[in-house]
Amino acid sequence: MLNIILFGPPGAGKGTQSERLIKRYGLVHLSTGDLLRAQIAQHTVLGAEAKKYMDAGQLVPDEVVIGMIEHRVRDEQHTAGGFIFDGFPRTVAQAEALDKLMERLHIPITHMISLEVPKDELIRRLLNRGETSGRTDDSEEVIVKRITEYELKTRIVADFYQRYNKLRAVNGIGTMDEIFDRITSHLEAVPTTQG
Ligand code: AP5
Ligand code: MG
């Protein structure tokens with residue numbers, strides 16, 4: 001069973017590639033950004049609180065997103081053919097909480113795929129998306145804040161999975177098909193026996 005974390009900065013292509021991966025492998029897609037935007041659309045208290053952070057380009061507090069993810073994983077653990085986590089975990093505390101949850105449920109993370117895209121390309125993509133997405137955080141000022149937040153709090157999460165040899169870095173520049181092929185070649189690689 002595949003349980004994948006799709007990792008990378010804002011605009012790296014996590015949502016784009018998630019859509020393709022869920023079709024190929026029948027995975028359940030858990031995007032904390034999408035879950036939070038759904039809360040905002042439904043005018044919930046949680047949504048109103050999260051919106052303040054999201055509009056400022058800051059991370060929403062850990063306990064909020066960890067609670068949302070735990071709830072969804074527990075709900076779907078027996079029906080899902082595997083999970084794809086998109087935009088989660090984004091802090092070391094979130095990674096530790098996910099690790100504990102998956103260990104308790106006996107469904108370990110199999111891969112962290114990290115999409116590598118330089119900052120100028122991220123900004124270009126998100127400004128472009130902002131013209132039609134209706135996402136209030138796709139303005140230049142907020143995009144730059146989101147990328148800074150990634151550099152300060154999120155990038156180090158990759159080290160956590162590197163330690164367990166689960167991290168796979170993928171060049172995120174190229175066509176969407178090329179990047180998809182790079183990702184699937186990691187997911188379908190036969191594990192090498194060690195020692
Ligand atoms: P979230 O919704 O997760 O947004 P993000 O990480 O900022 O990433 P994006 O969704 O903007 O980019 P993406 O990597 O999905 O790229 P996409 O495929 O869309 O989070 C939003 C906010 O919610 C956060 O700022 C935070 O406040 C809060 N939040 C969410 N999760 C949280 C958590 N765990 N903890 C705390 N707070 C949390 O692609 C981008 C664009 O590029 C698209 O237009 C696409 O068409 C285009 N594109 C994709 N691939 C290519 C390509 N190969 N070539 C050219 N263009 C491409
Ligand atoms: Mg996304």
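1. Ground rules. Because the model is predicted, local features need pLDDT of at least 70 and side-chain atom pairs count only at pLDDT 80 or more, while totals for chains, interfaces and linings use all residues. Residues are numbered from 1 along each chain as its sequence is written, chains are lettered from A and ligands numbered from 1 in the order in which they are written, and side-chain values use heavy atoms, with hydrogens and water left out.

2. The sheet. Five strands form an open sheet in the order β2-β3-β1-β4-β5, with parallel pairing. Strands here are DSSP runs of E, at least two residues long, and helices are runs of H or I, at least four long, both numbered from the N terminus. Two strands pair if DSSP finds at least two bridges between them. At the edges stand β2 and β5 (167-171), each of which pairs on one side only. From one strand to the next, the twist averages 20°. Angles run from 0 to 180 degrees between N-to-C directions, and axes are lines fitted to C-alpha atoms, for helices over the stretch in contact.

3. Strand β3 and its partners. β3 pairs with β1 in the parallel sense over five bridges, and with β2, also in the parallel sense, over four. His-29 stands opposite Ile-84.

4. Burial of β3. Five of the five residues of β3 are buried, where buried means under 20% relative accessible area, exposed over 50%, and partly exposed in between (1.4 Å probe, protein chains only). Gly-82, Ile-84 and Asp-86 point one way, and Phe-83 and Phe-85 the other way. In a regular strand the side chains alternate between the two faces of the sheet.

5. Helix α9. Helix α9 (residues 176-187) packs on the sheet and touches β1, β4 (111-116) and β5; contact means heavy atoms within 4.5 Å. The direction of α9 makes about 160° with that of β5.

6. Helix α4. The 15 residues of α4 should span 21 Å at 1.5 Å a residue, and its end C-alpha atoms are 21 Å apart, which agrees. The expected span is 1.5 Å times one less than the number of residues. Val-65, Ile-66, Met-68, Ile-69, Val-73 and Glu-76 of α4 are buried. They cover an arc of only 160° around the axis, so they lie on the same side of α4; the arc is that of the directions from the helix axis to the C-beta atoms. On the other side, Glu-63, His-71 and Asp-75 are exposed. The cover over the buried residues of α4 includes β2, α2, α3, β3 and α5.

7. The nonpolar cores. A nonpolar core is a set of buried Ala, Val, Leu, Ile, Met, Phe, Trp, Tyr and Cys residues joined through side-chain atoms within 4.5 Å. Which residues have the most contacts inside the largest core? They are Val-73, Phe-83, Phe-85, Leu-98 and Tyr-161, in a core of 33 residues. The largest share, six residues, comes from α5. Apart from this core lies another, of 20 residues, among them Leu-2, Val-117, Ile-123 and Leu-187.

8. Two residues to look at. Phe-83 touches residues including Leu-2, Ile-4, Val-28, Val-73 and Met-102, not counting residues up to four places away in sequence. Ser-114 lies in β4 and is buried, with a relative accessible area of 5%.
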